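Please open the structure in your viewer and keep the selection tool at hand. The tour below goes from one selection to the next and says what is there.

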Amino acid sequence: MNNINFRFAIASDLHIGLPHTIWEHPSRFHLVEVSIPAFESVLEHLIQLDLDFLLIPGDLTQHGEPENHAWLQTKLSQLPFPVYVVPGNHDVPVLMANEQSIAFADFPHYYRKFGYENPEQPYYNCPLLPGVRLIGLNSNSFDDQGKQIGRLDEKQLKWLESELAAIGDELVLVMVHHNVVEHLPNQSNHPMANRYMLENAPELLDLLRKHKVRLVFTGHLHVQDVACADGVYDITTGSLVSYPHPYRVLEFQRDHVGKEWLQIISHRVESVPDFPNLQQSSREWMGDRSFPFLIKLLTLPPLNLPLAQAKKLAPDLRDFWATIADGDGVLDYPEFPLEVRRYIQKYGAVSHTGHPTAIDNNSRLLIGDW
């Protein structure tokens, strides 16, 4: 068993939008106007770190605009370390190109240098370092009506099975946009949260466990969270265009006895030229737009509160989503009715036994012991 030690970074959900492409939406949580300065600020830091590579788990662009993809492709090709990307739902929102977005099949052609050596295929398996591989998956499928869904199609699953079977004892990292392990209570079934989950996550997890793949890197949800299901870690990273504007630097170590560790350190973009106090103004921006989201959360199952009661409780929950996005949050509202209080508590960083577990931002995880 070889000793392996490497350092890499993750920046997710960049939502790159050149100023002339940004479109206004009154209730958007995203501060798309900071996408370019925030990403440039992150890169300024990362190029000082002697990284082995950078991962970007999807939503590279605001909405699949050709000029935003072209801008990012140029920016990434100037970096001193390799970069690997996968498509998010915003990168390929349509199967066929329209006046706003590229076609689904165009995506790999923009990112040939960033994983897609074979641009005819929207997923890949490539060597990162001696003994280390990355599998980049595509979680964007389209139904018969052309509606986008988060799913791995059968052809991709078969491909993945044969690739994993052929890899041998190399360390495999997997990157995919949609979440594979639940990061929120009952995420797979909740009417507001299930679209962030991969529809056939159980099938993918079975395959990963069978081949002893322990590390999956996801985005999409815009929160800082580390979740684990039967030995598979799903490390999801928040978005650079929404609070808390995070990115991660990670170090993997496998020692001589086969123990594998992953150290995670998270950073935040504190300011950009037009937002000198980005953390505070962004948290306020999110809170200002939270009311319709909270009403939905409170009136839908499992709480099913009457609208009048939801309207009364919602103002106190103004920072609810910001606290979740932050990672390692503790959510407790002692003055709430007991059933509501208990439900909201579940969204905090607590283990199955109810104990606080602060592993979402900075932690050292024991990944495997072969």
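A salt bridge, as the term is used here, is a side-chain nitrogen of Lys or Arg within 4 Å of a carboxyl oxygen of Asp or Glu. This is a predicted model, in which local features need pLDDT of at least 70 and side-chain atom pairs count only at pLDDT 80 or more, while totals for chains, interfaces and linings use all residues. Residues are numbered from 1 along each chain as its sequence is written, and side-chain values use heavy atoms, with hydrogens and water left out.

**The two domains**

Begin by colouring residues 4-268 as domain 1 and residues 278-346 as domain 2, with bounds that come from an automatic or database domain assignment. The C-alpha centres of domain 1 and domain 2 are 28 Å apart. Between domain 1 and domain 2 an area of about 2,000 Å² is buried, and carbon and sulfur atoms give 68% of it; buried area is the accessible area (1.4 Å probe) that two parts lose on being put together, summed over both.

Now select Asp326 and Arg268, which form a salt bridge whose closest N and O atoms are 2.7 Å apart. The count of salt bridges between domain 1 and domain 2 is one.

**Salt bridges elsewhere on the tour**

The structure as a whole holds 12 salt bridges. Among them is the pair of Lys75 and Glu40, with the closest N and O atoms 3.3 Å apart. Lys75 lies in helix H2 (residues 66-77) and Glu40 in helix H1 (residues 35-46), so this pair ties together parts that are 35 residues apart in sequence; helices (H or I, at least four residues) and strands (E, at least two) are DSSP runs, numbered from the N terminus.

Move on to Arg318 and Asp288, whose side chains meet in a salt bridge at 2.9 Å, N to O. Arg318 is in the loop between helix H8 (307-313) and helix H9 (320-326), and Asp288 is in helix H6 (residues 278-288), so the pair joins parts 30 residues apart in sequence. Asp288 counts as exposed at 53% relative accessibility, whereas Arg318 counts as partly exposed at 33%; buried means under 20% relative accessible area, exposed over 50%, and partly exposed in between (1.4 Å probe, protein chains only).

Finish with Asp206, Arg209 and Asp230, which are linked in a network of salt bridges.
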